[in-house]
Amino acid sequence: MPARPSPATVDADWPAPYAEAPIDATVTVPGSKSLTNRYLVLAALAGDESLLRRPLRSRDTLLMAEALRRLGTDISDVGGDWLVRPGELRGPASVATGLAGTVMRFVPPVAALARGPVAFDGDEHARSRPMGPVLHALRSLGVEIEDAGTPCLPFTVHGTGSVAGGTVVMDASASSQFVSALLLAGARFDTGVTVVHEGKPLPSQPHVDMTVEALRDAGVVVDDGDANAWRVEPSEIHSLDVEVEPDLSNAAPFVAAALVVGGTVRVPSWPQFTTQAGDAIRDILDAMGAEVSLGRDGLTVRGSGAVEGVDIDLHDVGELTPVVAAVAALASSPSRLRGIAHLRGHETDRLAAISTELRRLGGDCDETEDGLVIHPRRLHGGLMHTYGDHRMAMAAAVLGLRVPGIVIQDVATTGKTLPDFTERWTALLGRA
Ligand SMILES: O=C(O)C1=C[C@@H](OP(=O)(O)O)[C@@H](O)[C@H](O)C1
Ligand SMILES: C=C(OP(=O)(O)O)C(=O)O
């Protein structure tokens with residue numbers, strides 16, 4: 001097993017800026033984590049070299065790049081882009097997953113295609129994130145995996161250089177990433193792969209659709225015609241030349257700021273058509289009282305500072321929950337966020353984290369079986385804990401715009417997906 005990786009961040013508290021005046025800002029958002037990490041995996045498995053333009057460089061994507069390098073892929077910087085030259089996949093290697101769901105789930109099927117052992121481990125909390133269905137699926141395809149007695153990190157994949165492929169049946173109700181993991185590598189299995197989901201409803205369906213689209217962009221034939229079943233035909237994976245879209249889930253706190261403070265926030269290059277689940281923030285902010293318009297120049301969100309509560313199913317886009325909950329806590333009426341029981345297995349138990357932290361600030365937030373009920377209350381300042389969760393820190397920043405005296409514990413955790421968050425957030429308010 002590899003040595004435990006060092007902690008993600010330095011535990012630094014940061015006083016969240018309070019908005020004294022309406023906002024008027026144009027915000028540039030770095031590339032999508034989900035797209036960058038899918039493109040990296042496909043490029044590593046492709047038949048020829050790929051160019052990823054404007055990739056996200058954050059903890060999760062740097063961990064993905066390093067994982068693939070250790071398996072034999074050459075990834076080099078060309079200006080701000082990444083040139084990916086696939087190599088023969090091989091162990092022995094050790095992979096640090098950090099707290100990245102995409103690394104801990106997407107890389108083991110790639111490791112199964114390598115010759116030699118590949119050991120995986122991650123942050124302390126990563127060891128309790130669900131992994132079982134991926135390990136079980138690979139074992140059912142004949143891959144040898146050694147774990148420490150539980151179907152979680154740490155574990156070692158003993159690849160033989162090929163995977164026969166076939167049909168896997170899994171319960172992916174805890175994470176859509178289990179499905180995406182098998183699909184991404186499946187074209188390189190001898191007979192391809194068929195993944196069937198059986199269990200409670202699959203969360204984050206748009207993320208699986210994104211996986212299917214990325215595979216098709218790389219020339220892979222995928223049949224997703226039946227609900228909860230996907231067939232990836234065996235084939236070569238074509239090289240990619242792609243520009244990574246801005247990360248729309250990371251744009252969420254910035255555009256939410258226009259609604260909760262009042263004013264205007266513009267995000268240039270917001271795609272007109274996208275597979276990113278985070279695009280749903282447009283409709284959510286609209287439902288909560290913002291004026292939202294998407295044009296050729298990008299997205300514009302205007303608000304007056306008056307926020308309405310919502311009753312909304314976030315099953316498809318759970319990663320927006322912390323920011324939506326923060327906006328809801330600043331509303332004039334209650335909100336109910338539904339369909340997000342699976343968030344208990346995210347970077348932290350997000351339902352517990354959000355309700356605990358809102359209560360710590362004087363709020364009223366209850367966990368339900370599958371979500372949260374928030375009754376807006378006058379909040380007071382205080383230290384908001386982030387639990388190593390980038391989106392908890394971003395949610396705290398949204399609250400801080402309207403609640404004086406909020407201090408964000410370990411704000412550097414935002415680096416999981418968004419570098420330079422504090423600088424970007426300060427610039428949003430027109431401050432240096
Ligand atoms: O495949 C992906 O890139 C992701 C899928 C989703 O995971 P879950 O299905 O576990 O919610 C999402 O929440 C996560 O941020 C990114
Ligand atoms: C759930 C998330 O991340 P991960 O890819 O680590 O699952 C997220 O970014 O909100």
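**View 1. Ligand 2 and the residues around it.** The shell around ligand 2 takes at least three residues from each of domain 1 (14-30 + 246-428) and domain 2 (33-239), the domain bounds coming from an automatic or database domain assignment. The residues in this shell are A100, G101, T102, E319, H346, E347, R391 and T417, where a residue is near a molecule if its C-beta atom, placed from the backbone, lies within 6 Å of it. Sorted by class, the shell of ligand 2 holds one nonpolar, four polar and three charged residues; here Ala, Val, Leu, Ile, Met, Phe, Trp, Tyr, Cys and Pro count as nonpolar, Asp, Glu, Lys and Arg as charged, and the others, Gly among them, as polar. This is a predicted model, in which local features need pLDDT of at least 70 and side-chain atom pairs count only at pLDDT 80 or more, while totals for chains, interfaces and linings use all residues. Residues are numbered from 1 along each chain as its sequence is written, whereas chains are lettered from A and ligands numbered from 1 in the order in which they are written.

**View 2. Ligand 1 and its shell.** Ligand 1 is surrounded by 13 residues, of which S34, S175, S176, S204 and H207 are the closest. The elements that contribute two or more residues to this shell are α3 (101-112) and α5 (177-186); helices (H or I, at least four residues) and strands (E, at least two) are DSSP runs, numbered from the N terminus. By class, the shell around ligand 1 has one nonpolar, 11 polar and one charged residue. Because domain 1 and domain 2 both give residues to the shell, ligand 1 lies between them.

**View 3. The two domains and their contact.** The domain assignment divides the protein into domain 1 (14-30 + 246-428) and domain 2 (33-239), and the centres of the two, taken over C-alpha atoms, are separated by 29 Å. In domain 1, 19 residues are in contact with 24 residues of domain 2, contact being defined by C-beta atoms, placed from the backbone, that lie within 7 Å. The side of domain 1 that touches domain 2 comprises five nonpolar, 10 polar and four charged residues.

**View 4. Helix α4 and its cover.** In helix α4, which spans residues 132-140, the residues P133, V134, L135, A137 and L138 are buried; a residue is buried if 20 or more other C-beta atoms lie within 10 Å of its own, exposed if 12 or fewer, and partly exposed in between, with C-beta atoms placed from the backbone. The cover over the buried residues of α4 includes α3, β8 (144-147), β9 (155-160), β10 (166-170) and α5. Just after α4, G142 adopts a positive phi of about 95 degrees.

**View 5. The sheet that holds β8 and β9.** Four strands make up an open sheet of mixed pairing, in the order β6-β7-β9-β8, and two strands are said to pair if DSSP finds at least two bridges between them. Strands β6 (93-96) and β8 stand at the edges with a single partner strand each, so one side of each is left without a neighbour in the sheet. From one strand to the next the twist averages 20 degrees, with axes being lines fitted to C-alpha atoms, for helices over the stretch in contact, and angles running from 0 to 180 degrees between N-to-C directions. Strands β8 and β9 are antiparallel and share four bridges, and E146 stands opposite T156 in β9. The loop between β8 and β9 contains P154, which is joined to L153 by a cis peptide bond with an omega of about -5 degrees.

View 6. Strand β11 (residues 193-197) pairs with strand β13 (residues 229-232) in the antiparallel sense over four bridges, and T194 stands opposite R231 in β13.

**View 7. The hairpin of β4 and β5.** Strands β4 (residues 74-78) and β5 (residues 81-85) run antiparallel and pair over five bridges, with L83 in β5 as the bridge partner of S76. The two strands form a hairpin with two residues between them, and G79 in the turn has a positive phi of about 60 degrees.
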